[in-house]
Amino acid sequence: MRFFVALLLWLSTCFAAYADDFSYADFARIPIQHEGRIKPMNTFALVHLERFYGKTRIDDMSATQWLARAMFDPAAAMDQPLFLLKDADAEAMLNLPPKSDHLYSFAEATAAVAANQKLMESLLELSPPELSAGQRAVLDLYENTSLFAQILLSNTLFLHLAIDVPVDADAPPTAFIDYYPYMPELKKSLQALVARKGMDLDQYAPAETELARGLNTLTMTLENSEDNTLLRVIPPTWGGDEWLSPWAVFHSGQGSPETAESMALWRNLAVAYQAHDAVAWQEASAALRQKAEGFSGVRPDALSLEMAYYKWSPLGKSMALYIAGFVLTLLCLSGLPKVRVARLLAVGAVGAGVLLHFITIASRIYILQRPPVGTLYESLLFVSLIAVLFGLFLEFRMRNNLGLLVATVAGSMLLFASQSFSGDDTMSMLIAVLNTNFWLATHVLCITTGYGFGLVAGIIAHVYLIMGCLRRDPDRTLQVLRGGYGTALIALLFTSLGTILGGIWADQSWGRFWGWDPKENGALLICLWLIWLLHSRISGHFHERGFAVGLALLNVVIALSWLGVNLLSTGLHSYGFTDKAAWVLAAFCAAEFLFAGVTWCVLWRRERG
Amino acid sequence: MKNSKAIRWLSKPILLHWLLPYLMALVAVGTVAQKYIGLFDSQRLFFSSFIVWVGLLPLPGGRMVTALLLVSLLTKLIVASPWRKATAGIFVAHLGVMLLLVGGLITAASSAEGYVALGKNDTASRFYDYHQRELTISKNGAVVMQVPIADVTKGKMIAGDFPFTIKINDVCRNCTMANRSGDAGDFKGPAQKVMLAPLEGYLEDERNLSGAEMTISGVGTYIAFEPMEHQPEFKIGGDSYAVTLGRAAYALPFSLQLLDYAKEVHPGTDVPRSYRSTVLISDGDLHQRAVITMNHPLRYKGYTVYQASFNGGEDTESVSFAIVQNSGRVFPYVASITLCLGLLIHLSLKLPTLIRRARA
């Protein structure tokens, strides 16, 4: 509470400035170490703005502009509506005035948090599963304001303070860093003043009041900066691989001539922003960027690629192309005139989509320097690429629009599902046991490839069942199912190999091949399901209808094994995601069962005549 | 024999058709059950059991289903696998599955796994079971009798080659200590001041701390509790006896000393990047240093030593190693290669006819 009140008071002591005609190209490229990875400032800004505001722009202000303003003009930034709080319960708990846009400024949010300190303390003692959605939103707001406070205070070392305390220096000091050497002297003067005139400010002359106020500001600046570590922009010229924030450099005394140079450049940047000096801003940001990029361990080409990745967002475009391809494929199947044109366009759309999809994954491999799948999000990207590529192969072999349908359905649905992860930096570092390129490249790629083929087989079964219900040509319908059978065989190859490789990895790192862990059992279930379908087809227990319904339900088995098991292990992913995902997953499974049941009944009745 | 009806029936996929859905249901139930009863109990109940009791109804457990599958597979391979080019892939793939199952069987029957926690410079020549606890009675430092915890039940009398009997008054799978009020009576040792109070068990069985209260004839009533340093010790006729309750221990044919350890995090975060320990193996005259990291265990004399966890938060106080002896560990490697080879052969023969353009 004291911290927040002090913070609000302090922020009002900074000179206000607003700059909007700066060039942000170099500033956006300055490397920063965040969550264990060196990334461009632009990514840091995007991730935080999305987290607070739910979008990556505020009206005409880019994320980088927003970040620069928060860092160098905190007084203005704290009044800007920023924190999105959509939960009505949370608004009521914090006594926040309801707003139509649900946006609250830092000043409003911190005041509400400070006024409800007891509520915060009680919520922090609850474990995540015990929290209601509203309580979770309150805690999120609390965390977000703390995070934003780190950003607001990150450059207070260099910012021009609105205080006027005379000290015995050649040049008049303006920022904390100038005043710091004189603080002991100022403290002595203030102590003498208090001894002489007491604590009552009314008894002080104007210059004496300014001394008391100025020293208070300086002390608060120092106190508020002690754990300011978020903005890790100073490369470790002292060795090791941990970058430090300007304040951390100041507090830890990690100095070197190189560090001093970086610190001076950051100061120039702050001064240029506050003075609204576009030329000086450009010079300072370009110099900072070049200096940090020259540091070993920074890969400028990876930073450029990451900038382009976020600027062009090839994945979103790829998804749009798949959706367009899907519509065009439906046109091809409709039997309307000009089908040939639609078919060519559909192939073109899927081809372009695959290219962008591939570029996305290749960029991530280059930026992160590891195989493409290490997280759930990445598995969605990879599985969809496999499904789309195999769809194209099917189309090339069978030329009956089946492959196009498979590619566009799998591509658009899986990429759509991946959008729910876009709130965080999706390029995250991996924990120790996953931090092995060999197993990521073998087991993980194998099993996710198996998921991809399995989903394709499932979609083909759907197509077969729909064609059967619509009384399409029996020969062509059967040809579709043969494709499904072949795909199921490939899926079995990859899932069983992937599962065994997973066991071998577990044997290598934990000492047991099989431990009946939910994720292992999930993979085993997919293999068993496929083995069951294929054998029962051979033994004659399943004819076309039964086999197709079973293959269609493979999608449910895959969804449960791939995503569903995460719901069993508490704390694996954020609870917000899990709650939502549980419902989506349940709805998906229900819809699949309904589809399988209805088509089975229709075909069964027809077979009985 | 080839014509025997039963053998022919066993070799067909019909058994598989009915067994697999049951096995899948068992796996699914056993997986979801982990959330409620923990991995250890779920594994014991569903996967490592021959019979699963649902009320009074006995259903086949994981081991029985696997055994039936193995028999079916074996008969298929022996009696119903004519060696033809068209089915060569299927034969090889089934051989791979069989190797996998046989490996599982050998592992289930012969492997020992456990852990040892070492502080810096500590040495160990034994390791401990994660789950199995034992009551050990020793005379002058030598073990006389070991009773698995499953046999240590309330009211049980334990007698053996020693001049007293032990009556178990109470036992708990997970206990804590509480103050004992009132007269100390016949209680001896720490039992004069404290008593055991049962706690709800953890789902992760390795976190449970077992304890028992027992009356030793002619001596007194004691408590034995896993984490307690001073467990019942007494003298009868010049011999000193000790009764201890603890994890079952296995001897290593060598000793292991922890020389150094290091944990690395991704810079600026708490996310661990790697764990590394340096140990000294001493085996007779042989002394050898080895480095153990995540994904890179130490293998020595049939034992494998893994980096399991660093204990004690930021200032690591000890390092836990998982130690496994498993004679079946080579099977998955051979099986996966065989299985893949088989499936690849089958796919290359079959796929061109399955995925192709419809004949006009």
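Let us start with a pair of helices: α18 (residues 339–368) and α20 (residues 402–418) of chain A pack at an angle of about 45°, their axes 11 Å apart. Axes here are lines fitted to C-alpha atoms, for helices over the stretch in contact, with angles running from 0 to 180 degrees between N-to-C directions. Angles under 35 degrees count as roughly parallel, over 145 as roughly antiparallel, 65 to 115 as roughly perpendicular and the rest as oblique, so α18(A) and α20(A) are oblique to each other.

This is a predicted model, in which local features need pLDDT of at least 70, side-chain atom pairs count only at pLDDT 80 or more, and totals for chains, interfaces and linings use all residues. Residues are numbered from 1 along each chain as its sequence is written, while chains are lettered from A and ligands numbered from 1 in the order in which they are written.

Back at the helix pair, α18(A) brings Ala346(A), Val347(A), Val350(A) and Gly353(A) to the contact, and α20(A) brings Leu404(A), Ala407(A), Thr408(A) and Gly411(A). Contact means C-beta atoms, placed from the backbone, within 7 Å.

Now step back to the whole chain. An automatic or database assignment gives chain A domain 1 (1–157 + 225–298) and domain 2 (300–607). Where they meet, 19 residues of domain 1 of chain A are in contact with 15 residues of domain 2 of chain A. On the domain 1 side, α2 (25–29), β2 (37–40) and α3 (41–53) of chain A each give two or more residues; helices (H or I, at least four residues) and strands (E, at least two) are DSSP runs, numbered from the N terminus. The largest share of that side, 6 residues, comes from α3(A).

Note on methods
Two residues are in contact if their C-beta atoms, placed from the backbone, lie within 7 Å.
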